[in-house]
Amino acid sequence: MIEGLRAPDLHTLNSPLGAVIEDQVVETLNAIRSVWDPERQYSTYAFRRQPQTFPDVLLAEGRPGSTAILGIELKGWYLLAKEAVPTFRMQ
């Protein structure tokens with residue numbers, strides 16, 4: 001429940017919702033390292049959020065300027081989109 005927010009204004013929550021989703025994905029993926037890196041082959045790498053830039057989440061080494069080996073673009077906007085039927089423009 002969000003008191004004081006009218007239904008037509010829900011789309012205004014896209015940015016905060018996106019930031020929360022991105023933070024939670026990074027935390028979760030780093031917390032389950034034993035699942036995606038069981039042999040610790042990527043022990044110097046970690047997922048990190050990259051706000052306001054494509055892609056949203058990177059798997060990269062911790063040092064500045066390191067090359068990412070995986071990028072994830074997250075889309076939460078459709079949850080609060082104003083369009084009646086999602087167009088799924090991205091295939």
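Contact here means heavy atoms within 4.5 Å, and the views below all show a predicted model.

**View 1. Helix α1 and its covering elements.** Helix α1 takes in residues 14-31, and at 1.5 Å a residue its 18 residues should span 26 Å, which agrees with the 25 Å that separates its end C-alpha atoms. The buried residues of this helix are G18, E22, V26 and L29; seen down the axis of α1, they fall within an arc of 75 degrees and so line one face of the helix. Among the elements that cover these buried residues are α2 (33-36) and the strands β1 (45-49), β2 (57-61) and β3 (68-72), whereas on the other side of α1 the residues E27 and A31 are exposed.

**View 2. D37 in the loop between α2 and β1.** With a relative accessible area of 3%, D37 is buried, and a polar atom of the D37 side chain lies 2.8 Å from the backbone nitrogen of Q41. Leaving aside residues up to four places away in sequence, D37 touches Y42 and S43.

**View 3. The two aromatic pairs found in a search of the whole structure.** The rings of W36 and F47 have centres 5.0 Å apart and planes at 80 degrees, so this pair is edge-to-face; it links distant parts of the chain, since W36 belongs to helix α2 and F47, eleven residues apart from it, to strand β1. W36 is partly exposed, at a relative accessible area of 22%, while F47, at 7%, counts as buried. The rings of Y42 and Y45, with centres 5.9 Å apart and planes at 80 degrees, are also edge-to-face; here Y42 counts as partly exposed at 30% relative accessibility, and Y45 as buried at 17%.

Conventions. Residues are numbered from 1 along each chain as its sequence is written. This is a predicted model: local features need pLDDT of at least 70, side-chain atom pairs count only at pLDDT 80 or more; totals for chains, interfaces and linings use all residues. Side-chain values use heavy atoms; hydrogens and water are left out. Helices (H or I, at least four residues) and strands (E, at least two) are DSSP runs, numbered from the N terminus. The expected span of a helix is 1.5 Å times one less than its number of residues. Buried means under 20% relative accessible area, exposed over 50%, partly exposed in between (1.4 Å probe, protein chains only). The arc is that of the directions from the helix axis to the C-beta atoms. A polar contact is a pair of N or O atoms within 3.5 Å; within protein, one must be able to donate a hydrogen and the other to accept it, and residues adjacent in sequence count only if both atoms are side-chain atoms. Rings of Phe, Tyr and Trp (its six-membered ring) pair if their centres lie within 6.5 Å; planes under 30 degrees apart count as stacked, over 60 as edge-to-face and the rest as tilted.
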